[in-house]
Amino acid sequence: MSDVPGRPKSKPRSGCPVSISLERFGDRWSLLIIRDLMVRGFRTFKEFEESGEGIATNILADRLQKLEGEGIITAEVEETDGRRVNYRLTEKGIDLAPVLLELLIWGTRHEETGAPCAVIEKMARNRDQVLAEVRRRWRERDSTPLIPTFGNGGAGRNSIRRRP
């Protein structure tokens, strides 16, 4: 059984590690929640809801519950306000940092995005340092955003395409 009440743990479709990984965290919303925790420093339901991605509250609640059930995030009640829950990546979740970094670099290189090209190129050249900083911030519970906010306003202007 799963850790999520009322939801049985699904059997993997195959023994393929890629398939199993995608079943655990691979839908769009789950990856964006992981991104927001890891890169943007988000911690609360409200921050995820207002991220600009347009996620419905019922989907957000479902994905947070699923990620918690899979052991990728934890939900911690805030000491100063028992009504407020803060989400945090677990060690299993922070181990996704290299995957997210590569998706960020790949997306910026091959698609038109709102990401600041110079920042992403610097990250691509210094992958080990970026990953070390992500882990440091996670260990120290530092929620300072890793990269500046970018959005649809810059879409179409920033791309570091390498294709001829």
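This report describes the fold, the helix packing and selected local features of the structure above.

## Basis of the description

The structure is a predicted model, in which local features need pLDDT of at least 70 and side-chain atom pairs count only at pLDDT 80 or more, while totals for chains, interfaces and linings use all residues. Residues are numbered from 1 along each chain as its sequence is written, and side-chain values use heavy atoms, with hydrogens and water left out.

## Overall fold

The protein chain has eight helices and two strands. Helices (H or I, at least four residues) and strands (E, at least two) are DSSP runs, numbered from the N terminus. In sequence order, the elements of the protein chain follow the pattern α-α-α-α-β-β-α-α-α-α.

Of the 164 residues of the protein chain, 40% count as buried; buried means under 20% relative accessible area, exposed over 50%, and partly exposed in between, with a 1.4 Å probe and protein chains only. Contact means heavy atoms within 4.5 Å. Among contacts in the protein chain between residues at least 6 apart in sequence, 59% join residues at least 24 apart.

Within helix α1 (residues 17–25), Ser19, Glu23, Arg24 and Phe25 are buried. The cover over the buried residues of α1 includes α2 and α4.

Helix α2 (residues 28–40) and helix α4 (residues 57–69) have axes that come within 10 Å and cross at roughly 75 degrees. Axes are lines fitted to C-alpha atoms, for helices over the stretch in contact, and angles run from 0 to 180 degrees between N-to-C directions. On the α2 side the contact is made by Trp29, Ser30, Ile33 and Ile34, and on the α4 side by Ile59, Leu60, Arg63, Leu64 and Leu67.

Trp29 also takes part in a charge–ring arrangement: the charged end of Arg28 sits over the ring of Trp29, 4.4 Å from its centre. A charge sits over a ring if NZ of Lys or CZ of Arg is within 6 Å of the ring centre and within 35 degrees of the ring normal.

Rings of Phe, Tyr and Trp (its six-membered ring) pair if their centres lie within 6.5 Å; planes under 30 degrees apart count as stacked, over 60 as edge-to-face and the rest as tilted. By this rule the count comes to two aromatic pairs. Phe48 and Tyr87 form a tilted pair, with 6.1 Å centre to centre and 55 degrees between the planes. This pair links distant parts of the chain, as Phe48 lies in helix α3 (residues 45–49) and Tyr87 in strand β2 (residues 85–89), 39 residues apart. Both Phe48 and Tyr87 are buried. Ring pairs link Phe42, Phe48 and Tyr87 into a cluster.

Phe42 is placed in the loop between α2 and α3 and counts as buried at 15% relative accessibility. Not counting residues up to four places away in sequence, Phe42 touches Asp36, Leu37, Glu47, Phe48 and Ser51. Phe42 and Thr144 are 102 residues apart in sequence, yet 8.9 Å apart in space, C-alpha to C-alpha. Thr44 also has its place in the loop between α2 and α3 and is buried, with a relative accessible area of 8%. Leaving aside neighbours within four places in sequence, Thr44 is in contact with Arg84, Val85 and Asn86.

## Packing around helix α6

The axes of helix α6 (residues 97–110) and helix α7 (residues 117–125) come within 10 Å and cross at roughly 130 degrees. The two helices, α6 and α7, are therefore oblique to each other. Leu101, Leu104, Ile105, Thr108 and Arg109 of α6 make the contact with Ile120, Glu121, Met123 and Ala124 of α7.

Helix α6 also packs with α8, at an angle of about 130 degrees and with the axes 10 Å apart. That angle makes α6 oblique to α8. Ala97, Pro98, Leu101, Glu102, Ile105 and Arg109 in α6 meet Arg127, Val130, Leu131 and Val134 in α8.

## A backbone feature after α8

Arg141 is found in the segment after α8 (127–139). Most residues other than glycine have a negative phi. Arg141 has a positive phi of about 55 degrees although it is not a glycine.

Conventions. Angles under 35 degrees count as roughly parallel, over 145 as roughly antiparallel, 65 to 115 as roughly perpendicular and the rest as oblique.
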